[in-house]
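This report covers one protein chain, from overall figures down to single residues.

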Amino acid sequence: MALSRGAKGPTILATNLIKSYFEKGLIDEARVLFDELPERDVVAWTAMIAGFSSCNYHVHAWHVFCSMVKNGVQPNAFTLSNVLKVCKCMKSVACGGLVHGMAIKHGLEGSNYVGNALMDIYAASSGNMDNACMIFRDMKEKSEGSWTTLIAGYTHRGDGYGGLQVFKEMLMAEAEWNPYSFSIAARACATIGSRTLGNQIHSVVHKSGLGSNLPVMNSILDMYCRCGCLSEANQYFNEMSQKDLITWNTLIAGYERLDSSESLRVFLEMELEGFVPNCFTFSSVTAACANLAMLNCGQQVHGSIIHRGFEGNPELANALIDMYAKCGSIANARKIFSEMTHRDLVSWTSMMIGYGAHGYGREAIELFDEMIRSGIKPDRIVFVAVLSACSHAGLVDEGLRYFQSMRSLYNVTPDQEIYGCVVDLLGRAGKIEEAYRIIQHMPFEPDESVWGALLGACKAHRLPKLGKLAAWRVLDMKPDMVGTYVMLSNIYAREGKWAEFAKFRKLIRGMGNKKEAGQSWIEVRNEVYSFVVGHKVGSHIDCVYRVLELLILHMQEAGYVPDLDCFMHDSEDET
């Protein structure tokens, strides 16, 4: 395309063509056309920056901006707001600071576009919100986008209270708002799990005339689900004047976290209503099958995923690995993992957790080493997975080696959960004193989970003195844990200290609650059967007890002598 120098009309046409190329994903064509322009004004440069950014070529966009500055072209507010979005996507606060300085130099810091973009990048940084708040305070005119950006900044950092405080200030200032402001406020309520504040936001939504705005309605539904108010969520869902796939996905995901069987029912209802599930739908439904250990149902969902053409989705593949592992089909989990063309950290971690849960400690270790060779750096969760696998398989030396390599090789700092895994690793192997030394040399105060791991080991290996110490440490931090009182009373019973035992039993009865009963379930012939300690109700119970009697006979023939001591003491209070 031949363009004469100073021909403003053709330059505008070329700029519009560049934008069109980027919209169609024709990046090379846009670049060639830009390079052929005899004169490039700020609009053309900005179009290139925005175009690269829209196609996720953020580094290219930054280089274009740097070239623009070198060529002496002065940026405008739209240029800087686009560049600041690029800096945010590159997660470079340093680059954002340079652009901030340039905005001040050119007198653009008062621009609403620039101010909002600056708030956004500072709020997304790992620092605090001080810089974002300073930008907000210094803005001469605050638009609805300004308020929403600050609310979102607090909320996305997990500071729901901060987000709601800004939302309250926005309402009190009678400032302009948009529906997204209310959606973010609802998410802020979900972040802190406040049902009361959520109800207030719901009321404000109705008063503001947004009760029929679908994105806002979906946010309110999500808020009720995340706050654990499923009855209110279900009622609100039924009252909604319109629903889209996001609506259904929100309710399915909400039930998956708290009532997985109901999640599957809602999924079936959604399909009957004619809605087509997407990857997010299948992720929640697969997780629901995993929670219920329903292998047959999970296989049907897997078939639907293949039928819809989603088998290449890495998030769904990760969910399927987790589902098959939790349903006891570790071979199918491994098959999914092996067939993945791209494995991320979650893929490796899910497979390691599956191996560990099934006692395949060696396989988990081999997988960890294979992951390292593939170039993926382990994080804290990976070490929890591999340490737990070593613990369940009795691989003490290997587990300790991984623990010692965390800092030195991978720059991962152990936290309470990691130390709990190490204490459990040593405790299961009977190395109680070594586990106690680990606790004594922790760089921070151990929490109840660490002491609880030691307490469990002391109970298993009959070490009452250290067990009592661990139990008292747990009760210092969690005085309402009935199970710990039960274990402590049993220790006193073994020592023959019946006065102490009776005192604790009286205390337990006075607490008015019981230790949560153990529960498990299996799927047989497409039906799920649940088992709760002490329950003798259900059509399958007679058959179960007949099998148990047979197992007891086999145990006696093998010479096994059961430890009924703790059972006798626990059964007094049905705890």
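Is E174 buried or exposed? E174 is exposed, at a relative accessible area of 73%; exposed means over 50%, buried under 20% and partly exposed in between, with a 1.4 Å probe and protein chains only.

## Basis

The model is predicted, so local features need pLDDT of at least 70 and side-chain atom pairs count only at pLDDT 80 or more, while totals for chains, interfaces and linings use all residues. Residues are numbered from 1 along each chain as its sequence is written, and side-chain values use heavy atoms, with hydrogens and water left out.

## Overall figures

The chain has 32 helices and two strands, which are DSSP runs numbered from the N terminus (helices: H or I, at least four residues; strands: E, at least two). Its C-alpha atoms fill a box of roughly 100 × 55 × 50 Å along the principal axes. Of the 575 residues, 45% are buried.

Among contacts (heavy atoms within 4.5 Å) with a separation of 6 or more, 58% join residues 24 or more positions apart.

## Positive phi angles

E174 is not a glycine, yet its phi is positive, near 50 degrees. This residue sits in the loop between α10 (160-172) and α11.

K91, also not a glycine, has a positive phi of about 55 degrees. The loop between α5 (77-89) and α6 (93-105) holds K91, which is exposed with a relative accessible area of 77%.
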